[in-house]
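Here is a short briefing on a two-chain model. It covers the interface, a sheet and some backbone details.

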Amino acid sequence: MKEELFASGRNIPNIDPYLNIWHWQIPSYLFLGGLAAGILFFASFFTIMGKEHKMEATVKKAPLLVPFILMLGLFFLFLDLKHKLYFWQLYTTIRLESPMGWGSWVLMIITPISILWSASYVKEAFPNWDWKYKILNTIEAWLIKNRKIIAWPMAIYAIILGIYTGILLSAFNARPLWNTSILGPLFLVSGMSTAAAVIMLMSKDHKERKIMGRIDILLIIVELFFIIHLFMGFLAGSEVQINAANLFLGGKFTAPFFAFVVILGLIFPAVLEVFELKGYKVPIVVPAVLILIGGLIFRFLMVEAGQITRYLY
Amino acid sequence: MRYAMAIDTRKCVGCSDCVVACQTENNVPVGFCRDWVVEVVDGTYPNVSIELRTERCNHCDNSPCVRCCPTGASHFEDGGIVLVDHDKCIGCGACIQACPYDARYSHPDGYVDKCTFCIHRVREGKNPACVSVCPTSCMNFGDLDDPNSKIVNVLKNRKFKSLAPEAGTKPQIFYLI
C-alpha cells in the first residue's frame, strides 16, 4: 500500500486536493465555440455547393446568431481570466506552440468574418433594415456579390475553430483524460451536431429539416464511434490513462455521462430523427434540445473529469 | 549554465523549514506555497518504508507551461529558470493545467505564481532561500554545466530519480535515493 500526504500541509484554493482551476466558463465557451463553428461550416458548405436558396435557415438565418454566440463565448473566456485587465497581452504575441494563443487569433479572424456574413444577409431577415450610411450599403453590395469567396475561408476557419475547442484540452499532457488527439475531431463533430440541431430548430422548411436530420444522424454515429475510440485508446494506454477512462467506466462520472450524453444526448435523439425520416410525427424540438443539452453536459464532464486526472509519482 | 537541484530524500526530515523560508522570502500570501513537503509511505508496519521529499517547480527543460502560455508570460531565464512575467500573465490557467507537478497556483492578485529558484538571490551569488535554511543540508543547488560544482559531484556518486519523467518534461530537480 502506497500512501502520499503533504507533510508540510498544503491546501491551495482550486489546486488541492485536486485541480479545479477551470469552472463553468470554459466548458460553456467550448460549447458555444463548437456551435458557432458548426453553423458557419454548414452555411459556407451549402453556399459553396450553390444550395443557399434551398437551405434558408442554414445559410441565412442561423449565421445571424453566430456573432452573438461568439461574443458570448469570448465574454465567458474573459470571465475565466484571473488577471483580466491584461487580456490584451493575448494579441501582442503570436505563439504557435500555444493552442490558446493561436485559438485566440482564430477567434479574432472568424468573429469579423461571421459579422460580415450576417451583414450580407441581414436585409433578407429584416426587410426594413436601413444601413443609414452610403459606405455601408456599398460594403453590403460587395459582400453579397462575393459570398462564395468569403465562404471558403469561413469554412476553413470554422473547421479550425471546431477542432481547436478540442485541441485546447488535448494539448495538456499533464491531464491524461485530455491528452488524446481524438479530442479535436470529437469536439468538432459534436459541435457540428449541435449546430445541426439549432438549424433544425430554426428551419420552417420540411425539406431542409430532413437534410439536416440526415446529416445529424451521420454526425451522431461518427461521434459515438469517436467516443468508443477514445475509451479504447485509453484502455490500451498507460496506467494514468486507464484510470482516466475508468472515471467514465464505473467511476463517478459514469452515470451522468451515459445517461445524459450517450443515451439522452446522442442515441435517443438519433432514434427520434430516424423515426421522423420514416414519416412518423416527431416534434423536432425534442431531439434538437436533447442534442444541445447533451453537448453542453459532455463538455462540462470532460473539463471537470480531466482536471482530476494526473500523473502518478 | 543550467541550474538544478539535487535533494537528498535520505537526509530530509520533513521539518518544512524550506516551506516557511520560501513563504517569508517571497512574500507568498497566506494559504499558498511555492514549495511543500511530501511524505510517501509504502507498505504497512512492520514492512514499511517512508520517503520524505520537498517538492517545487521542476524548472523543466521541456516545459509544458512555457509551451502552452498564450502570451509568453511563462518564459526561460538564464540557466533554464522558468519564470512568470506578472505584467504579461492574463491568468488564463493554461500553465496550471499543463504542469504535471501542480507546482503553479493562481495568486490572489490575479497572475500565476510559482517557485523562481529565488532568482533574485541566485543573481547575487546566494542559494535559494529553501536551500540556505535546510537544517540537514539535504538540498544541493548549483550549475549542472560546472563540472566542479557540488551538485554535479553528488549526482555522479548517488543514485537519483526525477518526478514523472514519463511526462517528457525533463525535470531539473533530482531526488537522491
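Two strands count as paired if DSSP finds at least two bridges between them. The strands themselves are DSSP runs of E, at least two residues long, numbered from the N terminus. In this predicted model, E3(A) stands opposite V41(B), a residue of β2(B).

**Interface of chains A and B**

- The contact involves 41 residues of chain A and 50 residues of chain B.
- About 3900 Å² is buried between the two chains. Carbon and sulfur atoms account for 57% of that area.
- Three salt bridges are found across the interface of chain A and chain B.
- One salt bridge pairs D102(B) with R310(A). Their closest N and O atoms are 3.4 Å apart.
- On the side of chain A that touches chain B, the elements giving two or more residues are β1 (2–6) and α3 (99–125) of chain A.
- β1(A) gives the most to this side, with five residues.
- The residues on this side of chain A divide into 21 nonpolar, nine polar and 11 charged.

**An open sheet in chain B**

- Four strands of chain B form an open sheet, in the order β8-β1-β10-β9. The pairing is mixed.
- β8 (139–143) and β9 (160–161) of chain B stand at the edges. Each has a single partner strand, so one side of each lacks a neighbour in the sheet.
- β1(B), residues 3–8, runs parallel to β10(B), residues 173–176. Four bridges join them.
- Within that part of the sheet, D8(B) has L176(B) in β10(B) as its bridge partner.
- Helix α6(B), residues 150–157, packs on the sheet. This helix touches β1, β8, β9 and β10 of chain B. Its direction makes about 115° with that of β8(B).

**Backbone details in loops**

- The peptide bond from D16(A) to P17(A) is cis, with omega near 0°. P17(A) lies in the loop between β1 and α1 (25–48) of chain A.
- N14(A) is found in the loop between β1 and α1 of chain A. Phi of N14(A) is near 70°, a positive value in a residue other than glycine.
- In chain B, a cis peptide bond joins Y45(B) and P46(B), with omega about 5°. P46(B) sits in the loop between β2 and β3 (47–55) of chain B.

Definitions and conventions:
Residues are numbered from 1 along each chain as its sequence is written. Chains are lettered from A and ligands numbered from 1 in the order in which they are written. This is a predicted model: local features need pLDDT of at least 70, side-chain atom pairs count only at pLDDT 80 or more; totals for chains, interfaces and linings use all residues. Side-chain values use heavy atoms; hydrogens and water are left out. Contact means heavy atoms within 4.5 Å. Buried area is the accessible area (1.4 Å probe) that two parts lose on being put together, summed over both. A salt bridge is a side-chain nitrogen of Lys or Arg within 4 Å of a carboxyl oxygen of Asp or Glu. Ala, Val, Leu, Ile, Met, Phe, Trp, Tyr, Cys and Pro count as nonpolar, Asp, Glu, Lys and Arg as charged, and the others, Gly among them, as polar. Axes are lines fitted to C-alpha atoms, for helices over the stretch in contact, and angles run from 0 to 180 degrees between N-to-C directions.
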